[in-house]
Amino acid sequence: MKKVLLMAAVLLSSVGAFAQHEVGSFSIQPKAGMTVSSVTGMGEQIDAKSKIGFTAGADAEYQATDWLGISAGVNYSLQGAKANYSYSLGNVANATLDGDLKLGYVNVPVVANVYVTKGLALKAGVQFGFLTSSKMTLDGSISALGIGAGGSTDVDLKDYTNSTAISIPMGISYEYNNFVVDARYNLGLTKLGKENEDISKVTGLAGIKYDETKNNVFQITLGYKFDL
């Protein structure tokens, strides 16, 4: 046990030698990049696929110790998912559609940055998302009792989507000459759809479990850090 504690102390002291900014300093980092998001739990009729979006915003960081920085940020993120939907009820009803779920959030991440070598940080924290828009674009065909319809339709799902979302951001960043590349995965904890709300009322699609769906997002950004 003493050897383990000694090794941990040596490791922490060596990590401290790689601090990128002075202890007690503040910095701000505007940044922008792309998101790759997906959903889970949509239902058996859904073949969910990843969707590419974008994110932009800024982080502020306080260098608490030689090896630990605490950051908080605000960013806008376009996320969601794409999916193929198929449904059949004999000769009564059939549907084959491509769906594009578009979710807009203002996200507020609070993250601990652990610097393991010069410029290189591992990070984890919590993120609070505030919904700004929720839409689904449907493109394909639906038929019921011999009557068919097709084309592209936009459906507003904001009234069916929870206004807040909580996720766990985990990732890594590297800083060189004040430029910062940040890659993180935001694991969704809360459901997208409001409990017991059935979006078939507005989409006409049966079997979508929107109130069981969670959104997970991978994002990569490039920023520039300014000392304050």
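1. A residue is called buried when its relative accessible area is under 20%, exposed when it is over 50%, and partly exposed in between, using a 1.4 Å probe and protein chains only. By that rule, Lys225 and Glu175 are both buried.

2. This is a predicted model, in which local features need pLDDT of at least 70 and side-chain atom pairs count only at pLDDT 80 or more, while totals for chains, interfaces and linings use all residues. Residues are numbered from 1 along each chain as its sequence is written, and side-chain values use heavy atoms, with hydrogens and water left out.

3. The structure holds eight salt bridges, a salt bridge being a side-chain nitrogen of Lys or Arg within 4 Å of a carboxyl oxygen of Asp or Glu. In one of them Glu61 pairs with Lys225, with the closest N and O atoms 2.9 Å apart. The two residues are 164 residues apart, Glu61 being in strand S3 and Lys225 in the loop between strands S10 and S11, where strands are DSSP runs of E with at least two residues and helices are runs of H or I with at least four, numbered from the N terminus. Glu61 is buried at 7% relative accessibility, and Lys225 is buried at 4%.

4. Lys225 also forms a salt bridge with Glu175, at 3.3 Å from N to O. Because Glu175 lies in strand S8 and Lys225 in the loop between S10 and S11, this pair ties together parts that are 50 residues apart in sequence.

5. Another salt bridge joins Glu212 and Lys191 at 3.4 Å, N to O. Here both partners count as partly exposed, Glu212 with a relative accessible area of 42% and Lys191 at 30%.
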